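The entries follow the order in which I looked things up.

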Amino acid sequence: MNLLLLLALLLGGYLVGSIPTSLLLGKWLYKKDLRKYGSGNPGGTNAGRVFGKKIGFLVIVLDILKTALVFWASWAVARFAFPYGEGVLWLEGAYLPWASALMASLGHCYPVWLKFKGGKGVACFMAIVGGTSWLGFLLCFLSFFLVLAIRKKVVSFSSLVSGAILLLFEIVLGSIALGTGWDGGILTWTFGLLPGGLSFGWWSLGATFLAYLVLVIRHIPNIRRLRAGTEKAADWSTREVERN
């Protein structure tokens with residue numbers, strides 16, 4: 001049962017994460033394929049550059065929500081679908097939400113529908129941190145926009161640096177949980193009122209680390225341009241295409 005449930009949620013997380021929100025919005029509102037404009041990347045930053053800031057923000061929000069939805073749906077399965085204390089789920093299903101959210105991030109970056117050429121995983125990574133913890137949510141916005149302002153709207157640099165800050169936050173939180181036995185429930189969106197099924201520790205550390213690793217891998221071309229000093233700032237003040 002543990003294996004079948006894990007495989008089902010992993011596959012479900014991957015398929016939900018693979019939903020190309022930017023391409024669907026571009027086709028619906030503009031009758032355009034985002035991949036043919038701007039940087040060609042089907043992510044929120046390029047959507048904002050091509051379709052304008054409203055669409056850019058909408059894509060980012062939807063990408064965050066789809067990963068958070070996968071996480072909390074898996075948590076609900078582990079929390080409510082099986083009785084606790086009877087040993088039905090290995091580790092009471094604590095591994096399920098983190099693993100499925102990681103698969104959503106992989107689905108976003110390597111979607112089967114787009115020949116495995118997707119976004120760069122920034123929104124999904126932030127969903128894993130901010131979509132699980134209200135404190136992580138605050139850190140997501142503070143770190144990202146602060147670095148973005150300092151580095152003059154260079155989104156790739158802000159994504160990498162704020163991502164490292166958020167990874168450090170998860171490492172500290174997970175280490176405290178492992179060292180003291182505290183599950184960190186008060187810092188989650190359940191505020192500790194629904195214990196069980198969600199805890200920080202090895203699973204949160206593993207999922208966050210791997211999600212950030214994918215983010216870095218997807219940003220390798222940006223890192224090269226940053227080192228060469230040729231990386232451009234994101235300009236959402238205009239749009240490349242207009243609605244028909």
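These entries concern a predicted model and take up its pocket, its cavity and its nonpolar cores.

**Entry 1: the largest pocket.** I looked up the volume of the largest pocket and found about 950 Å³ of space. Its lining comprises 40 residues, and those nearest the centre are Gly 44, Thr 45, Phe 144, Val 155 and Trp 236. By class, I noted 17 nonpolar, 15 polar and eight charged residues in this lining. At least two lining residues come from each of the helices H3 (44–51), H4 (53–80), H6 (122–130), H7 (134–150), H8 (155–180) and H10 (220–228).

**Entry 2: the cavity.** I searched the whole structure for cavities of 30 Å³ or more and found one. The largest cavity holds about 60 Å³ of space. I counted 14 residues in its lining, with Ile 19, Pro 20, Pro 42, Lys 66 and His 108 nearest the centre. Helix H2 (21–30) and H4 each give at least two residues to that lining, which divides into five nonpolar, seven polar and two charged residues.

**Entry 3: the nonpolar cores.** I then turned to the largest nonpolar core, which has 32 residues; Trp 98 and Phe 125 touch the most other members. Two or more residues of this core come from each of H4, H5 (95–109), H6, H7, H8 and H9 (202–218). H8 contributes the most, with seven residues. For Trp 98, leaving out residues up to four places away in sequence, I listed contacts including Phe 71, Ile 128, Leu 198, Phe 200 and Trp 203. Another core of twelve residues lies apart from the largest one, and Leu 23, Leu 34, Ala 47 and Phe 51 are among its members.

Definitions and conventions. Residues numbered from 1 in each chain as written. Predicted model: local features only at pLDDT ≥ 70, side-chain atom pairs only at ≥ 80, totals over all residues. Heavy atoms only, no water. 1 Å grid on protein atoms, 1.4 Å probe; cavity = no way out; pocket = protein on both sides within 12 Å on 5 of 7 lines; lining within 4 Å. Points joined across faces, edges and corners; volume = space filled by probe spheres on them. Helix = DSSP H or I, 4+ residues; strand = E, 2+ residues; numbered from the N terminus. Nonpolar A, V, L, I, M, F, W, Y, C, P; charged D, E, K, R; others polar. Core = buried A, V, L, I, M, F, W, Y, C linked by side-chain atoms within 4.5 Å. Buried < 20%, exposed > 50% of the residue type's maximum accessible area, 1.4 Å probe, protein only. Contact = heavy atoms within 4.5 Å.
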